[in-house]
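Morning, everyone. Please have the viewer open. I'll take the ligand site and then the cavities.

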Amino acid sequence: MSPETRTSSTGSSWWNDAVIYQIYPRSFADGNGDGVGDLVGVYEHLDYLEKLGIDAIWLSPFYVSPQADAGYDVADYRDVDPLFGTLEDFDRMLDSAHSRGLKVIVDLVPNHTSSEHEWFRAALASPPGSHERARYMFRDGKGASGELAPNNWESVFGGPAWTRAADGQWYLHLFDPGQPDLNWRNAEIVDEFKDILRFWLDRGVDGFRVDVAHGLIKHDELPDTTGTMALIEGGGNRGPMWDQDDVHDIYRGWNSVLTEYGGDRMLVAEAWVSPAERLSRYVRPDEMQQAFNFDFMTVGWDAPGLRRSIDGALETNAAVGATTTWVLSNHDVVRHASRFGLEDPTSWPKGIGAEDEQPLVALGLNRARAASLLMFALPGSAYIFEGEELGLPEHTTLPDETRQDPAFARTGGDEAGRDGCRVPIPWQSDKPGFGFGPTGKTWLPQPEIFGELAVDRQDGVLDSTLEFYRSAIAVRGEHGLGSGILKWHAATHVMLDFENSGVRVIVNFGVQPIPLPDGREVLVTSDADAVVDGALQPNRAVWLG
Ligand code: NOJ
């Protein structure tokens, strides 16, 4: 294949070209009125998801958890937290999703447990050197009486990555102190997680999104690091705690477990790893099926950067026979409708607060819709984050006292954190809490603009963001763009222009209109006013038939 022509995987499994919708359960829909979304809320809105035209949903954690990190601190991997419902609620939701032809992926959090997990409680209650402590990363400290942490690692959420137990030993937590890291050199952990996979596979799930997939194995000597450890840095993450070669043995083991279930189940890695070649190792034929392509997400509104990213991802994944994924927003990053409205639309803030630069809403939305149309035109699988189909912006003025992300507190407020993208979804404009649940309660306050962006204000409204997503996803399916071959026509600093499966895709990143080729039918535009007098307007995208 020439360098101008690229495809994603050639396989026929459902995930190769799937559009997968991320549900952040606490913010999607509240079934019981306590202000926190839950599994009944998901069940009640499956019609909406079916109509959107997606192929699968991915649910962020709903397991038993003290919620130190919104459920990414799991105390029991085999049960549902009462906050989100029951196992029966899960089964009912799963059955209903399946009956509509929707696949369901759940989150797996293997790098750390909650400090409330029975294993960690037992570890704290047991002496140094015990079997119980060997499940975690306990070490003696440095200094005359062990008063210094074992090394200089910092937590991704800010502050030291070590906390001292009452008896003087230290335990490692790459994230919050409530998230102690497991010791993946211990065979008991390996066995336990295979068992957890089987528990959910037996219930019928179609796959797992694997949290911090690049972090499970640490360098044996736990050497000091000199580089930054930030999670959301878009950088290489090649410190002694990330992307160690032995981590791949774990995924080969999981691949075998999934194979026992007939081969149609999948694993998708959350691995902040670069360059693309390192990331592609996670999707070798005997490992995971997909890895999130965060490079594409972090490039920003930048034509040459996106071209480089698209080519790099397709090329390196093709080399290992894997499908490529595309994603623009998730529960850890500022929503793309807001990132692209910043003065520098390639900047990557860790949350936005009232004191920070406020994004331009209309410009951000125009660019976000154009970027989404670009994403849906690429060969591979596309992930969307709840609410982006409504054009929701980040909540950029959340009062500090409402913020719950541990990153906000642990950085002393230096990072506004991730709450702004996690605000409860508006379903009905004229209801309290914009119809999030039956009582109007919402665990985070919603900004006023959510009223005009609520589902009922967009449903059936031509040119709304919701209808735009519905038609883009439908046309993508009709033309088989997810399994097509991308052929570049042109890529400059102001334009991307390529063909996939008979569809010509043009995105305008510049300030001048771009004349469109004659004689082609307009299939989808990113906005109603995208094409004027045969020319594509700035910050817009078009698909031509
Ligand atoms: C990545 C998850 O997406 C994020 O929300 C979480 O805080 C960390 N992993 C730790 O589990």
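Which residue has an N or O atom in its side chain 2.5 Å from an oxygen atom of the ligand? That residue is Asp69. I call this a polar contact: a pair of N or O atoms within 3.5 Å, and within protein one must be able to donate a hydrogen and the other to accept it, with residues adjacent in sequence counting only if both atoms are side-chain atoms.

A word on sources. This is a predicted model, where local features need pLDDT of at least 70, side-chain atom pairs count only at pLDDT 80 or more, and totals for chains, interfaces and linings use all residues. Residues are numbered from 1 along each chain as its sequence is written, and side-chain values use heavy atoms, with hydrogens and water left out.

Two further contacts. Asp332 puts a polar side-chain atom 2.4 Å from an oxygen atom of the ligand. For Arg418, the distance from a polar side-chain atom to a ligand oxygen is 2.9 Å. Alone, the ligand exposes 290 Å², and the protein buries 100% of that (Shrake-Rupley, 1.4 Å probe).

Now the shell. There are 14 residues around the ligand, each with a heavy atom within 4 Å of it. Coming nearest are Asp69, Arg209, Asp211, His331 and Asp332.

Where does the ligand lie? Domain 1 (5–110 + 187–465) and domain 2 (113–183) both give residues to the shell, so the ligand lies between them. The domain bounds come from an automatic or database assignment.

On to cavities. A cavity is a set of points, on a 1 Å grid over the protein atoms alone, where a 1.4 Å probe fits but cannot get out; lining residues have an atom within 4 Å of a point. Three cavities reach 30 Å³ or more, volume being the space filled by probe spheres set on the points.

Note on methods
1 Å grid on protein atoms, 1.4 Å probe; cavity = no way out; pocket = protein on both sides within 12 Å on 5 of 7 lines; lining within 4 Å.
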